[in-house]
Amino acid sequence: MPPIPGSGLAKGLAVTLRTMTKRTVTAQYPDVQPELPPRTRGVIGLFEENCTVCMLCARECPDWCIYIDSHKETVPPAAPGGRERSRNVLDRFAIDFALCMYCGICIEVCPFDALFWSPEFEYAETDIHELTHERDKLREWMWTVPEPPALDPGAEEPKEIAAARKTADKLQAKEAAEAAEAAEAAEAAEAGEQEGQE
């Protein structure tokens, strides 16, 4: 069946009329901050206390935009007669956000939870060289990281927690059995003493 002449125009006008009757929503951005989704990828925050300078984040970064410098320090022995140990001390941790593609690989591979996504997104600079942010700025952004979402109440318990609980229950049952045996032995010894006195 051939199309009716003017049907395309009628469809276009119908779309226009529908759009004209809807209320317009304009984001008043600089004055009103947008409500961002909970898992927004803004910038990367650094929790310096957890960083062990393992360099995994810098090695795994596909853009090579993470710069880390460190030095070794000798730590005195924890107990008398122990040996001295050496540990890495963080000197510089910087991320070049002009190169970063926000893939999140560095956050995923960090074994010590030192890197987190922050929802901050207002860090534009007039010079591209100023987009390399040092650890002080990354630490400031760390305090804007939102709390993790609550676990789903109907979700299955994590396997690690279930295994830990099972081990703790076994240990508690073993300790209770040992305490009961010790109490029975004490009662038997006491009864034996009483019989001996009679």
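Tutor: Let's start in a loop: Val-53 sits between strand 1 (43-46) and helix 2 (56-60). Helices (H or I, at least four residues) and strands (E, at least two) are DSSP runs, numbered from the N terminus. One caution: this is a predicted model, where local features need pLDDT of at least 70 and side-chain atom pairs count only at pLDDT 80 or more, while totals for chains, interfaces and linings use all residues. Residues are numbered from 1 along each chain as its sequence is written, and side-chain values use heavy atoms, with hydrogens and water left out.

Student: Why is Val-53 called buried?

Tutor: Buried means under 20% relative accessible area, exposed over 50%, and partly exposed in between (1.4 Å probe, protein chains only). Val-53 has 6%, so it counts as buried.

Student: What makes the phi of Val-53 worth a mention?

Tutor: Most residues other than glycine have a negative phi. Val-53 is not a glycine, yet its phi is positive, about 55°. Asp-113 also has a positive phi of about 55° without being a glycine. Its loop runs between helix 3 (105-109) and strand 4 (115-118).

Student: Is Asp-113 buried, partly exposed or exposed?

Tutor: With a relative accessible area of 48%, Asp-113 is partly exposed.

Student: And how do you know that Glu-181 is exposed?

Tutor: Its relative accessibility is 55%, so Glu-181 counts as exposed. You'll find Glu-181 in helix 5 (residues 159-197).

Student: What makes the group with Glu-175 and Glu-181 a patch of negative charge?

Tutor: Like charges are joined within 9 Å, and nonpolar side chains (Val, Leu, Ile, Met, Phe, Trp, Tyr) within 5 Å. Asp and Glu count as negative, and the charge of Glu is placed at CD. Here Glu-175, Glu-178, Glu-181, Glu-184, Glu-187, Glu-190 and Glu-193 gather on the surface.

Student: How do you know that strand 2 and strand 3 pair?

Tutor: Two strands pair if DSSP finds at least two bridges between them. Strand 2 and strand 3 (residues 85-96) have ten, in the antiparallel sense. Tyr-67 stands opposite Ala-94 in strand 3. Strand 3 and strand 5 have two bridges, also antiparallel.

Student: Why are strand 2 and strand 5 at the edges?

Tutor: The open sheet has the order 2-3-5. Strand 2 (66-75) and strand 5 (132-133) each have a single partner strand, so one side of each lacks a neighbour in the sheet.

How values were computed: Patches are made of residues with over 30% relative accessible area and no salt bridge: like charges are joined within 9 Å, nonpolar side chains (Val, Leu, Ile, Met, Phe, Trp, Tyr) within 5 Å. Accessible areas come from the Shrake-Rupley method with a 1.4 Å probe; for residues, only the protein chains shown count as cover. A salt bridge is a side-chain nitrogen of Lys or Arg within 4 Å of a carboxyl oxygen of Asp or Glu.
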